[in-house]
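Student: Can we go through how the labels on this one get decided? I'd like to see the cut-offs next to the values.

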Amino acid sequence: MVGGSTGAAEAGLTAALPEGAPSPRLGAVAGRIVSCRRCPRLVAYLATAHRRFPGFWCRPVPGFGDPNARLVIVGLAPGLRGANRTGRMFTGDASGAWLFRVLAETGFSPRARSEAAGDGLALADCYITAAARCAPPANKPNREELDACRPFLTEELGLLPRRRLLLALGRIGHDAVLKTMNLPLARYAFAHGARHALPDGRVLLDCYHCSRQNTNTGRLTWSMFLEVFRGARALVS
Ligand code: SF4
């Protein structure tokens, strides 16, 4: 059962993908992500969410964006009423509103809003993915779930050959990037605005997550957020 969805939805996996595949190989990874059931707690949570919100996507969410991207954004996990609702990363909630606005202001998105999967939005030089692909209770995937999901991130990154800059939205995204490269976390401390030179010549750039909790409390202001993305634009220009 797909997150408590119907057999018809199960049967049409390809048709059920939330976006046109950005490339055949990324599309194959996306298909496996959407059908993944590795984490019992999250599978049960999505099944419950689907019963409560029958119109929501309520499946794992694959990455989204330009397969030739130099900028790769790594978030935490789908928000219950955002990506878990629409089936597209950072689409449909307050976090996404901030992210797509800043992407538009820095030239990585033609539009400042991402409304729904299938709306034709095509990111430019930017790909968005996450450490975990299922919406977790209280926005907190546990260690086992992050470990179980990391191979998908590793695969996606390997299929983005032009990636130069990995922008982590929050510490969990930062750690996930380092773990895909088997790098010691202690050597690369997360700090908002920090830039870490990685052994393969790429750069890991840290930013507080644009969660409502961070933006409402002022931990992350718009100017702080914009500054990080302006720095990202400069690094890939
Ligand atoms: S979090 Fe990742 S590994 Fe776990 S069930 Fe969802 S897609 Fe699969």
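Student: What makes the residues of the shell around the ligand nonpolar, polar or charged?

Tutor: The shell divides into 9 nonpolar, no polar and 4 charged residues. Ala, Val, Leu, Ile, Met, Phe, Trp, Tyr, Cys and Pro count as nonpolar, Asp, Glu, Lys and Arg as charged, and the others, Gly among them, as polar. Mind you, this is a predicted model: local features need pLDDT of at least 70 and side-chain atom pairs pLDDT 80 or more, while totals for chains, interfaces and linings use all residues. Numbering runs from 1 along each chain as its sequence is written.

Student: Which residues come nearest to the ligand?

Tutor: Of the 13 around it, Cys36, Cys39, Pro60, Cys134 and Cys149 do; being near takes a C-beta atom, placed from the backbone, within 6 Å. Helix 7 gives the most to that shell, 3 residues.

Student: Why is Asp125 called partly exposed?

Tutor: A residue is buried with 20 or more other C-beta atoms (placed from the backbone) within 10 Å of its own, exposed with 12 or fewer, and partly exposed in between. Asp125 has 19 C-beta neighbours inside 10 Å, so it counts as partly exposed. Its phi is near 65 degrees, a positive value in a residue other than glycine.

Student: And why does Asn139 count as partly exposed?

Tutor: Because it has 17 C-beta neighbours inside 10 Å. Asn139 also has a positive phi, about 60 degrees, although it is not a glycine.

Methods:
Helices (H or I, at least four residues) and strands (E, at least two) are DSSP runs, numbered from the N terminus.
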